[in-house]
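Me: I have a protein model open and want to learn how to read it. Can we go feature by feature?

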Amino acid sequence: MKLTPPDSPEPDTQAPVHNLSVLKAVALIGCFIESTEGKTLTELARRTGMNVSTAYRMLRTLVHTGVLHRHQGEERYFPGPMLLALAGATFSGAGYGALVEVLRGLSAETGEAASLAVRDGDCAAVLFATASPQQMRFEHRPGERVLLHCTAMGLALLATESGDLARAVAGLLPLQPITPHSITDPERLVEVLRQT
């Protein structure tokens, strides 16, 4: 979409109510509405009509603030934790309260935190979460992104979304460890996913 600032309702009597930098940022963010697939700098610059250097500076700021996310060493940008948390808050305010109540019920029944996440690249992005009633607990926050191969949530998503587990795992390589117990061997991960 081309960047077209809105017209001021009374251009002769009022100062413009828009900020060009904000409009550029919104234009970049809007590119992710049509597709959840990541976008490259070149694609984003072309779609918004910005020159590449301007788009790059804007994207760096959006990544730094968590609005967008970019995997280290990769070219593609994705929606970041702030956008995902905003989506979760929007869902809650738009009639998704019943879903949160299910998570709360699950937490009360099991004594553990409960989360709902969707896949975002090689991560699980948490949309909703409820706290555990226990004093000592581990929980995720809405907007948080966790690696698929290092978390129970991620393993569940991986195990149920693809019939070809070896291919799904190959798309995650290399498997980076986050603890000494993280699975970094692709064959072992496929075996764990089959068990899951």
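Me: Start with Leu127: is Leu127 buried or exposed?

Reply: This is a predicted model, so keep that in mind throughout. To judge burial, take the relative accessible area and compare it with the cut-off: buried means under 20%. Leu127 has a relative accessible area of 11%, so Leu127 is buried. Leu127 sits in strand S4.

Me: How far apart are Leu127 and Leu86, in sequence and in space?

Reply: Sequence distance and spatial distance are read separately. Leu127 and Leu86 are 41 residues apart in sequence. Their C-alpha atoms are 8.9 Å apart in space.

Me: What about Ala114 and Thr130?

Reply: Ala114 belongs to strand S3. Ala114 and Thr130 are 16 residues apart in sequence, and 5.3 Å apart from C-alpha to C-alpha. The relative accessible area of Ala114 is 5%, so Ala114 is buried.

Me: Which residues is Ala114 in contact with, leaving aside neighbours within four places in sequence?

Reply: Ala114 is in contact with Leu103, Leu106, Ser107, Phe128, Ala129 and Thr130. Follow one of these partners, Ser107. Ser107 lies in helix H5, residues 97-110. With a relative accessible area of 3%, Ser107 is buried. Beyond four places in sequence, Ser107 touches Glu112, Ala113, Ala114, Thr130, Ala131 and Pro133.

Me: Where is Thr40, and is Thr40 buried or exposed?

Reply: Check the place, then the accessibility. Thr40 is in the loop between helix H1 (20-30) and H2. Thr40 has 14% relative accessibility, so Thr40 counts as buried. Its contacts, not counting residues up to four places away in sequence, are Glu75 and Arg76.

Me: Now helix packing. At what angle do H2 and H3 pack?

Reply: Helix H2 covers residues 41-48 and helix H3 covers residues 52-64. They pack at an angle of about 110°, with their axes 9 Å apart. Angles from 65 to 115 degrees count as roughly perpendicular. H2 and H3 are therefore roughly perpendicular to each other. The crossing of H2 past H3 is right-handed.

Me: Which residues make the contact between H2 and H3?

Reply: H2 contributes Leu41, Leu44 and Ala45. H3 contributes Val52, Ala55, Tyr56 and Leu59. By class, this contact of H2 with H3 has 7 nonpolar residues, no polar and no charged.

Me: Why do residues three or four places apart in an α-helix point the same way?

Reply: An α-helix has 3.6 residues a turn, so residues three or four places apart point the same way. Keep that in mind as you look at the next helix pair.

Me: How do H1 and H3 cross?

Reply: The axes of H1 and H3 come within 10 Å and cross at roughly 80°. That makes H1 roughly perpendicular to H3. On the H1 side, Ser21, Lys24, Ala25, Leu28 and Ile29 take part. They meet Thr54, Ala55, Met58, Leu59 and Leu62 in H3. The contact of H1 with H3 has 7 nonpolar, 2 polar and 1 charged residues.

Me: Which residues of helix H6 are buried, and what covers them?

Reply: List the buried residues, then look for the elements over them. In helix H6, residues 152-161, the buried residues are Met153, Gly154, Leu155, Leu158 and Ala159. Their cover includes strand S3 (114-120), strand S4 (123-130), helix H7 (165-170) and helix H8 (186-195).

Me: How do H6 and H8 pack?

Reply: H6 and H8 pack at an angle of about 80°, and their axes are 9 Å apart. H6 and H8 are therefore roughly perpendicular to each other. Leu155, Leu158 and Ala159 in H6 meet Leu189, Val192 and Leu193 in H8. The residues of this contact divide into 6 nonpolar, no polar and no charged.

Me: What is the peptide bond from Leu173 to Pro174, cis or trans?

Reply: Most peptide bonds are trans. The bond from Leu173 to Pro174 is cis, with omega near -5°. Pro174 lies in the loop between H7 and H8.

Me: Last, the whole chain. How many helices and strands are there?

Reply: The protein chain has 8 helices and 5 strands. Along the sequence, the pattern is α-α-α-β-β-α-α-β-β-β-α-α-α. Of the 196 residues, 35% are buried. The chain exposes about 12100 Å², and carbon and sulfur atoms supply 55% of it.

Technical notes:
Residues numbered from 1 in each chain as written. Predicted model: local features only at pLDDT ≥ 70, side-chain atom pairs only at ≥ 80, totals over all residues. Heavy atoms only, no water. Axes fitted to C-alpha atoms, helices over the stretch in contact; angles between N-to-C directions. Helix = DSSP H or I, 4+ residues; strand = E, 2+ residues; numbered from the N terminus. Parallel < 35°, antiparallel > 145°, perpendicular 65-115°, else oblique. Left-handed = near helix turned anticlockwise from the far one by under 90°. Contact = heavy atoms within 4.5 Å. Nonpolar A, V, L, I, M, F, W, Y, C, P; charged D, E, K, R; others polar. Buried < 20%, exposed > 50% of the residue type's maximum accessible area, 1.4 Å probe, protein only. Areas by Shrake-Rupley, 256 points an atom, 1.4 Å probe, with all protein chains shown as cover.
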